[in-house]
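Me: I would like to learn how to read aromatic ring pairs in a protein. Please start with the general idea.

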Amino acid sequence: MIDIHSHLVFGFDDGASDRDCCCRMLELYAAGGVTEVVCTSHSSKDIDGKYDECFARSAGLAADFGIKLIPALEYSLPDILRSQHRPLGNSTYLLLDTGMFPVDSAMLTRLMPVNATGYKILWAHPERLYGENTLKTVEKFTVLIGSACQLNAGSLTGAYGADARTAAWELLENNRCAVIASDAHDPDGVANFIAVRKLLASLYPDEFIRLWFEINPARLLNSQIPERRQPPRLSLGKRIKRYFTCR
């Protein structure tokens, strides 16, 4: 299993607070069957040397847990317009948090220089940003720049509020979700990621669990367009289970 969006690296941004916190996150990842973690620390203007140093420290710890760490950065819209980029590993995908910027033709124009260099966009947790209009916004953004969509596991269980929960399930059920990731900043985020995978495994066939947590993350890391499959409609019993689990 691959977590493609995590703030596991310690001593860098608002992710793992220290070495012990990082080790606890790694322990939970290992217990949950995660073998690769993409360390998407927040981009900033003065990150190059410091990120490499912090990533190397965390990667050394991860090796003791049998986990491979993959370097990357999570970009804001202003930061992604810089000339130097750190994609997901060696891929052509950049993780972008658009923030509250409107998704329109102006955004496409601003992102054209990025697309021109051969990069594609993995859109980080849009369900947290656009609420009830998320589905329409994601459809528009996908048409504009051919992006893929990453949901936060916590959004599905209400960790970011009712609007984000509703939007996340709408994206999942309407085949707009390429990958599900933790966006973990601490051990609780990792634990929730593992728990959400188990919940989804009780609701959907195994092929979709593998798609969201293994196949598509691996495809993105290999610069391949993620596969899209329409999830089956949940039975009444499973919808009731989901309702009471994700309140």
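Reply: Rings of Phe, Tyr and Trp (its six-membered ring) pair if their centres lie within 6.5 Å; planes under 30 degrees apart count as stacked, over 60 as edge-to-face and the rest as tilted. This is a predicted model, where local features need pLDDT of at least 70, side-chain atom pairs count only at pLDDT 80 or more, and totals for chains, interfaces and linings use all residues. Residues are numbered from 1 along each chain as its sequence is written, and side-chain values use heavy atoms, leaving out hydrogens and water.

Me: How many aromatic pairs does the rule give here?

Reply: The count is six aromatic pairs. Tyr51 and Phe55 form a stacked pair, because their ring centres are 5.9 Å apart and their planes are at 25°.

Me: Which residues do ring pairs link into a cluster with Phe12?

Reply: Ring pairs join Phe12 with Tyr51 and Phe55 in a cluster.

Me: Are Tyr51 and Phe55 buried or exposed?

Reply: Buried means under 20% relative accessible area, exposed over 50%, and partly exposed in between (1.4 Å probe, protein chains only). Tyr51 is buried, at 1% relative accessibility, and Phe55 is buried too, at 13%.

Me: What kind of pair do Tyr204 and Trp212 make?

Reply: Their centres are 5.4 Å apart and their planes at 90°, so Tyr204 and Trp212 are edge-to-face. Both residues, Tyr204 and Trp212, are buried.

Me: Where does the charged end of Arg197 sit?

Reply: A charge sits over a ring if NZ of Lys or CZ of Arg is within 6 Å of the ring centre and within 35 degrees of the ring normal. The charged end of Arg197 is over the ring of Phe213, 5.8 Å from its centre. Lys120 lies over the face of Tyr93, 4.8 Å from the ring centre.
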